[in-house]
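Please look over the sequence and the model first.

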Amino acid sequence: MTVPAAFEFYPGTAPLLISMPHSGTYVPSALLARFTESARQVPDTDWHIPRLYECAQQLGASVLVATYSRFVVDQNRPPDNASLYPGQSVTGLCPLDTFDDEPIYQPGQEPDEREIAQRRESIWLPYHQKLEEELMRLLTLHGRVVLWDAHSIRSVVPRFFEGRLPDLNFGTANGQSCDPALSDRLMKTALANKDYSSVLNGRFKGGYITRHYGRPQQNIHAVQLEMAQCCYMQEQWPFDYNEAAAHNIQPLIEALLRDALAFASES
């Protein structure tokens with residue numbers, strides 16, 4: 001099998017870049033052989049996000065999609081593996097355990113520091129170089145740009161939060177990654193839709209991408225949307241796409257992206 005590039009990229013013309021850092025599923029065969037049986041299903045993937053966001057390119061947005069599984073290297077973690085939520089349970093740059101707190105690797109098969117560094121340089125870094133490059137290109141073209149970090153997660157993950165997660169979880173690093181005018185607009189649209197629950201800066205406040213690239217003082221505004229997977233897919237193996245459920249929520253996704261575009265165009 002041909003080894004894929006670290007990402008797929010679809011350039012757009014509008015002042016909106018959509019990053020999909022956890023939708024990749026590729027694991028090299030030699031590495032997959034070191035995984036536990038359950039980890040080989042890469043269960044913590046943000047499944048079907050490119051399909052769910054199929055309107056993005058029609059709106060003129062640029063789209064950056066990770067190809068490697070987060071079990072290989074997590075594109076939404078800092079390169080130094082610092083915790084994004086000190087004092088809370090988290091997974092790392094090259095995670096050793098799943099969201100269910102089960103080991104990813106068979107005993108003695110965990111990556112050492114040299115292997116982690118190699119993954120960071122060959123997979124993590126190219127994604128972030130492209131992300132920065134595209135942000136700068138769009139900023140030069142438009143004067144203001146919105147970075148939308150698209151994620152999904154099971155609605156119930158006791159390791160990370162109690163009970164059921166709201167359907168739409170917006171993160172702006174507690175207001176640090178974007179102008180409040182943008183988050184206010186998004187929340188107004190989300191809250192007007194009574195079919196889905198939503199929260200701003202709840203359990204998920206935005207990962208490394210949102211926090212690192214969101215620089216509102218430089219006209220780069222970043223928002224993370226962590227969506228409960230029950231809104232559009234089967235949350236357990238085989239993680240099937242639910243066409244009917246997805247069809248119901250896609251108009252809301254499009255409305256939110258249009259909000260982001262409208263904000264970016266106001267510069």
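This is a predicted model: local features need pLDDT of at least 70, side-chain atom pairs count only at pLDDT 80 or more; totals for chains, interfaces and linings use all residues.

Residues are numbered from 1 along each chain as its sequence is written, and side-chain values use heavy atoms, with hydrogens and water left out.

**Overall fold**

Seven helices and seven strands make up the secondary structure of the protein chain; helices (H or I, at least four residues) and strands (E, at least two) are DSSP runs, numbered from the N terminus. Their order along the sequence is β-β-α-α-α-β-α-β-β-α-β-α-β-α. The radius of gyration, taken over C-alpha atoms, is 18 Å, close to the 18 Å that the globule rule gives for 267 residues, so the chain is as compact as a globular protein of that length. That rule is 2.2 Å times the number of residues to the power 0.38. Along the principal axes, the C-alpha atoms fill a box of roughly 55 × 40 × 40 Å.

Of the 267 residues, 55% count as buried, meaning under 20% relative accessible area with a 1.4 Å probe, protein chains only. Among contacts (heavy atoms within 4.5 Å) with a separation of 6 or more, 80% join residues 24 or more positions apart.

**Nonpolar cores**

A nonpolar core is a set of buried Ala, Val, Leu, Ile, Met, Phe, Trp, Tyr and Cys residues joined through side-chain atoms within 4.5 Å. The largest has 72 residues, and Ile18, Leu52, Tyr53, Trp148, Phe170 and Leu257 have the most contacts inside it. Helix H7 (residues 243-264) supplies the largest share of this core, ten residues. Another core, of 14 residues, lies apart from it and includes Ala66, Tyr213, Ile220 and Ala222.

What is Leu52 in contact with, leaving aside its neighbours within four places in sequence? The partners are Met227, Tyr232, Tyr241, Ala246, Ile249, Gln250 and Ile253.

**Cavities**

There are two cavities of 30 Å³ or more. A cavity is a set of points on a 1 Å grid over the protein atoms alone where a 1.4 Å probe fits but cannot get out, and lining residues have an atom within 4 Å of a point. A volume is the space filled by probe spheres set on the points, which are joined across faces, edges and corners.

| Cavity | Volume | Lining residues |
|---|---|---|
| Largest | About 40 Å³ | Pro43, Asp44, Thr45, Asp46, Phe99, Ser152, Ile153, Arg154, Gln229 |

Key:
Buried means under 20% relative accessible area, exposed over 50%, partly exposed in between (1.4 Å probe, protein chains only). On a 1 Å grid over the protein atoms alone, a cavity is a set of points where a 1.4 Å probe fits but cannot get out, and a pocket is an open set with protein on both sides within 12 Å along at least five of seven lines; lining residues have an atom within 4 Å of a point.
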